[in-house]
Amino acid sequence: MISLLLALAGAPAAQGETATLQSCEMTPSGWVCQYRIPAVTVIETVEGAPTIRPLIPPAPPPATTPAPAPDRSAVETSRQARLIARCADATWKSLCLPGDRAEARRLRAATQARQTLRAEVTKLLSEGKCPEAVKAALAGADLDLAREARSFCTP
């Protein structure tokens with residue numbers, strides 16, 4: 001085992017035999033990237049054993065279809081949530097710029113207003129007041145919420 005580690009650590013990579021990035025995607029737990037790793041060959045010095053033995057077979061060629069691009073709205077929503085968490089209540093000694101602080105406060109106020117409107121519409125829907133719920137969503141300028149309320153009320 002030690003000779004394997006020494007062989008891998010001491011052997012310089014040949015020209016063109018480096019890992020290549022295939023694709024990356026953002027998941028809820030963080031970035032997940034896929035690499036293509038070249039075949040590794042171990043040289044053994046044990047008497048009677050074969051001199052060269054392939055350890056990892058070469059990877060198949062990548063698929064012809066490219067990886068889907070991340071959804072811009074999801075990426076922007078994630079950025080805004082991080083900005084709010086980091087800079088909305090930041091003190092003077094934090095690493096947030098004044099513009100970031102102002103944007104974070106504005107985004108937090110908009111998020112709270114959206115949550116309040118959603119709670120009001122949900123309350124009206126729970127009471128069976130479908131037309132009032134749709135009107136409240138439209139008055140709050142949330143067309144998606146109005147569509148959700150209208151589709152909820154449709155039998």
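Mentor: A disulfide is taken here as a pair of cysteine sulfur atoms within 2.5 Å. The model is a predicted one, and it holds 3 disulfides. When the bonded cysteines are numbered in sequence order, they pair as 1-2, 3-4, 5-6.

Cys-24 is joined to Cys-33, with an S to S distance of 2.0 Å. This link of Cys-24 and Cys-33 is right-handed, with 110° about the S-S bond. Residues count as buried under 20% relative accessible area and as exposed over 50%, with partly exposed in between. Cys-24 is therefore partly exposed at 30% relative accessibility, and Cys-33 likewise counts as partly exposed, at 32%.

Cys-87 and Cys-96 form another disulfide, S to S 2.0 Å. The link of Cys-87 and Cys-96 is left-handed, with -80° about the S-S bond. Cys-87 has 0% relative accessibility and so counts as buried; Cys-96, at 7%, is also buried.

The sulfur atoms of Cys-130 and Cys-153 lie 2.1 Å apart in a further disulfide. With -95° about the S-S bond, the link of Cys-130 and Cys-153 is left-handed. Because Cys-130 belongs to helix H4 (residues 130-139) and Cys-153 to helix H5 (residues 143-153), the pair ties together parts that are 23 residues apart in sequence. Cys-130 has a relative accessible area of 21% and is partly exposed; Cys-153 is partly exposed as well, with 26%.

How values were computed
Residues numbered from 1 in each chain as written. Predicted model: local features only at pLDDT ≥ 70, side-chain atom pairs only at ≥ 80, totals over all residues. Heavy atoms only, no water. Buried < 20%, exposed > 50% of the residue type's maximum accessible area, 1.4 Å probe, protein only. Helix = DSSP H or I, 4+ residues; strand = E, 2+ residues; numbered from the N terminus.
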